[in-house]
Amino acid sequence: RGRVLVVEDCAWLRRRYALVLEARGYDVVGRGNIGATLPLLSESHWGSCRFEILLLDLKLPDGDCVPLIERAAELKPEPAIAVVTAYLDPAYAVLFARMGVVCLPKPFDENHLPAQRTEAIGSRKSRQSASDHDCVDFLDRHNYLPSLFFSSSVSAVTTSKRSPTMP
């Protein structure tokens, strides 16, 4: 089926994701932080050992996963990306919608991974054409819309595709 890169700092959770994905026929490589992951997303490595899917924890010991998403966007072919988090701020939700990244709340039902892969691939292909309407639709489908009314941090992200000052 393909290769999946799981980036999760919690070792037992990383292994659980790997077991579920391996049972579905995927080859899985796991890493626990950004520093250990970036070499796998280098152009020299990508040519011989690419991943079809990146499953990323939002909050990692050495930062958020945004640099990994930005690096993956430069690779050809681009992988599908899903971010898993228990701490999703609405500003991140908007940013990820604009970047074409699927967000999964933690904990999530691992049985939904194949469906999420399809959604992630579809949204990655349309990443460049994301509009404010697309972002609102994404937030509504993933039940983040009500929290927008209680966050002032979202306005910093709605005007640009990427924001270097994420929470």
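This is a predicted model: local features need pLDDT of at least 70, side-chain atom pairs count only at pLDDT 80 or more; totals for chains, interfaces and linings use all residues.
Residues are numbered from 1 along each chain as its sequence is written, and side-chain values use heavy atoms, with hydrogens and water left out. Local features need pLDDT of at least 70 and side-chain atom pairs count only at pLDDT 80 or more, while totals for chains, interfaces and linings use all residues.

Of the 167 residues, 46% are buried (under 20% relative accessible area, 1.4 Å probe, protein chains only). As for contacts (heavy atoms within 4.5 Å), 71% of those between residues at least 6 apart in sequence link residues at least 24 apart.

Helix H1 (residues 11-23) carries the chain from S1 to S2, in a right-handed β-α-β crossover, that is, clockwise from the first strand over the helix to the second with the strands pointing away from the viewer.

Then there is the helix pair H4 (residues 66-73) and H5 (residues 90-99), whose axes come within 12 Å and cross at roughly 10 degrees. Axes are lines fitted to C-alpha atoms over the stretch in contact, with angles from 0 to 180 degrees between N-to-C directions. The two helices are therefore roughly parallel (angles under 35 degrees). Val 66, Ile 69 and Glu 70 of H4 meet Tyr 92, Leu 95, Phe 96 and Met 99 of H5.

Definitions and conventions
Helices (H or I, at least four residues) and strands (E, at least two) are DSSP runs, numbered from the N terminus. Angles under 35 degrees count as roughly parallel, over 145 as roughly antiparallel, 65 to 115 as roughly perpendicular and the rest as oblique. Buried means under 20% relative accessible area, exposed over 50%, partly exposed in between (1.4 Å probe, protein chains only).
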